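This report goes through a two-chain model, one chain at a time and then the contact between them. Please keep the sequence and the 3D view open while reading.

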Amino acid sequence: MSATTTPVATHRDGKPRKQPTQVRSSFLERVAPYAYVAPFFIIFGIFGLFPLVFTFFVALFDWNPIGAHTFVGLANFERLLQDSRFWNAMGNTFGIFVISTIPQLLLALGLAALLNHARLRWANFFRMSMLLPYITSVAATALIFGQIFDRNFGLINWILGLLNVDPINFLASRLGSWVEISAMVMWRWFGYNTLLYLAGLQAIPREIYEAASVDGANGWQQFTRLTIPSLRPVIIFTVVMSTIGGLQIFTEPLLVSPESGLTCGAGRQCQTLALFLYEQGFGQFDFGYGSAIGVALFVIVVVAALINFFLTTRTRGAR
Amino acid sequence: MIVSSTAAVGALALGLLSGCGSSGGSSAPSGDPNAEFTFWSFTGIGAKDSVAEYLAKNPNAQVKLSEVGSTTETATALTAALAGGDVPDLVMIQGDDLPKFVENPSNFVDLRTLGGNDLASKYLDWAVGAATGTDGSIIGVPTDVGGLGLAYRADLFEAAGLPTDPAEVAKMWSTWDGFIAMGEEYTAATGKPFVDNIETTVFFSTVNQVTEKYYSPDGKLVYDTNPQVKDAFDVAVKTYEAGISANIAAWSSGWDPGKANGTFAVTVAPSWILSGIKNAAPDTAGDWRITTVPGVGGNWGGSVIAIPARAAHPEAAWEYIKTMTSADAQTEHFKRTGTLPAAKDSLTSDAVLSYTDDFFGDSPIGQVLSDSVLQFNSFYNGPDTSAIGAGLLNALADMQAGNVAPAEAWQTGLKNVKDALG
């Protein structure tokens, strides 16, 4: 910033620029900041903005990548609104999002409180091991969970078998497949959220807890009246991040059911919006319809972000 | 300044984009049949062996082989390449992926221009037909077909009091009603399911034994009114209702262990799946037999080899096709890899007809598979054949999962298809 203010100051003084070399260097100085940030914007423009805008364009066509591109106006969107597969995918996405996020954040909060306990030994070891699921490849996670939940030879059904319970075909039913995918999502993200909460907890001064105990507040009261309000910004952040991630769940439903291709089950019982997009765009090569789904997903994410923004500002106002 | 630098960014971006767009431009076709050419294949078809056989016949040739991935992944990569990238000179396309490419034949070299108008006559009619565009151009030469048999466990059949000899079994289940009756007998005797699933083992077989499938010969959609399709579907539903299916989908996690553990006694066996059975259940060597499917023949899979229109070295690629798709070369490739030939002379050669394997108890595999494709009916496949098949198949799979009542399965299938076709 200082580089750009120098020539402005000379103008205000009303003094003419004396030497051309000075002008050139100040010109470079004015341009330099833009040059520094330019690589990001150039790359973002090519790989972020252009595909985004181009998606809106392609959505108006019946677009065969190796054939004809026919302009069809809003026909893809009309079809989308009447397509039961779209509403099904929407229901699945929100269902999996709710089942995976709410228990996950509660679990993370509880774990963070435990890990923050003053008398916990090897605290760093436990804290770091929380991140292991997060850095494990989703494909590996999907394989392992697929085996745990497998109908014929899975761990869960083996235990149920010992208890003389009939095997459950998790993937076959809507709720069962949601639970299986949610378990994967939770496994992957709970450590990440735990560490965020832990960081938030460690920022709370211990003195206010001491003061509260002096005033006679028990552990639960301290948790609900002190810990939760102090963590509010972190909680909002994790909810926002989980919403964005949850609406784009793709890899887990793709890998959980290799035999049913891109539909995640014969009845599309766990096909999410992102997977539906992929199926139409890159399975059927119907780029126009796939793009229309992409635009719809974009609108849904924007709406969710606006709701989050509204909640955030309201909480700030409450303070 | 801001304006001009944004313009510069924009110009740069446009430059890069137009660069991407033009990079796939074709160079002048080279007439040299020994020029180095790129060859994309999928895995599991023995492409490395094919190339080695070709180099033995033509030592001056230079082949750059890429095994791209699964059949679907290869088709996806080819689509991306055709849409605007560097195309290979030669590419293998699997049968299920073929209709999308045949729909736009201008993306490929019409091989009649290189191989003459009688090119098609050497191969099974329906195999060439699948690679023939509505304008009559032939975009691919058949390299192999997926002759269909059923594999069964002779040891389990014997324990259930059923015949074990392939000829006797084939006679007993010459019709699908006979197949279901045998299954009921097996399940009653052993308490175990007879067949792995109904959607691939039964429906894929029955729906391909028709004379007209999802399209009429002139390309109109008839999947919902054609009684042959409904009948094929009903056989699958009937098999399910008989309670003889293990309801284990092909390629699901229970499929391979099921073959090894005797969870079911019968599974579908197109030629290319035989090595998969060996790998999945090595301990059952000698227990399996291969015999004819109920009904009239069948085919599942197969592939063609094609030259994209923008290929840099079509002559060199054609030299490969000419050499490797001859009846003799296909017979030789069959002996080495077990890939069932598509050339008529090769299918009736002694080498193919006398082929047996002691893993499958010396069943007459070559005879069974060859008969199966020679009896196979030809019918018209349109661009949405795969999507329609998937819609109906999903309804059956969903019925097996207990989510759809058998009486509603057909309507569910039709709804799946209508959604898919939009």
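## Chain A: domains and overall form

The centres of domain 1 and domain 2 of chain A, taken over C-alpha atoms, are separated by 42 Å. Domain 1 of chain A covers 2-58, and domain 2 of chain A covers 76-318; domain bounds come from an automatic or database domain assignment. The model is predicted: local features need pLDDT of at least 70, side-chain atom pairs count only at pLDDT 80 or more, and totals for chains, interfaces and linings use all residues. Residues are numbered from 1 along each chain as its sequence is written, while chains are lettered from A and ligands numbered from 1 in the order in which they are written.

Chain A holds 14 helices and two strands. Helices (H or I, at least four residues) and strands (E, at least two) are DSSP runs, numbered from the N terminus. The radius of gyration of chain A is 27 Å, well over the 20 Å that the globule rule gives for 319 residues, so chain A is more spread out than a compact globule. That radius is taken over C-alpha atoms, and the globule rule is 2.2 Å times the number of residues to the power 0.38. The C-alpha trace of chain A spans about 95 × 75 × 35 Å along its principal axes.

Of the 319 residues in chain A, 29% are buried. A residue is buried if 20 or more other C-beta atoms lie within 10 Å of its own, exposed if 12 or fewer, and partly exposed in between, with C-beta atoms placed from the backbone. Among the contacts in chain A with a separation of 6 or more, 67% join residues 24 or more positions apart; two residues are in contact if their C-beta atoms, placed from the backbone, lie within 7 Å.

## A helix pair in chain A

Two packed helices are described by the angle between their axes and the distance between the axes. Helix 4 and helix 9 (residues 174-202) of chain A pack at an angle of about 35°, with their axes 7 Å apart. Axes are lines fitted to C-alpha atoms, for helices over the stretch in contact, and angles run from 0 to 180 degrees between N-to-C directions.

The crossing of helix 4 and helix 9 of chain A is right-handed. A crossing is left-handed if the near helix is turned anticlockwise from the far one by less than a right angle, and right-handed if clockwise. The contact of helix 4 with helix 9 of chain A has 21 nonpolar, six polar and no charged residues. Ala, Val, Leu, Ile, Met, Phe, Trp, Tyr, Cys and Pro count as nonpolar, Asp, Glu, Lys and Arg as charged, and the others, Gly among them, as polar.

## Chain B: overall form and domains

Chain B has 20 helices and seven strands. Its radius of gyration is 24 Å, close to the 22 Å that the globule rule gives for 422 residues, so chain B is as compact as a globular protein of that length. Buried residues make up 50% of the 422 residues in chain B.

Domain 1 of chain B is assigned to 32-146 + 302-351, and domain 2 of chain B to 147-299 + 383-421. Their centres, over C-alpha atoms, lie 30 Å apart. Nine residues of domain 1 of chain B contact 11 residues of domain 2 of chain B. On the domain 1 side, helix 4 (98-102) and strand 4 of chain B each supply at least two residues.

In helix 10 (residues 199-206) of chain B, eight of eight residues are buried. They pack against several elements of chain B, including strand 4 (140-153), helix 9 (176-190) and helix 19 (385-400).

Helix 19 and helix 20 (residues 409-421) of chain B pack at an angle of about 140°, with their axes 8 Å apart, in a right-handed crossing. Their contact has 10 nonpolar, five polar and one charged residues.

## Contact between the chains

Chain A gives 32 residues to the contact and chain B gives 31 residues. Helix 2 (20-58), helix 4 (84-115) and helix 7 (138-148) of chain A each give two or more residues to the side that touches chain B. Helix 2 of chain A gives the most, with nine residues. By class, this side of chain A has 15 nonpolar, 10 polar and seven charged residues.
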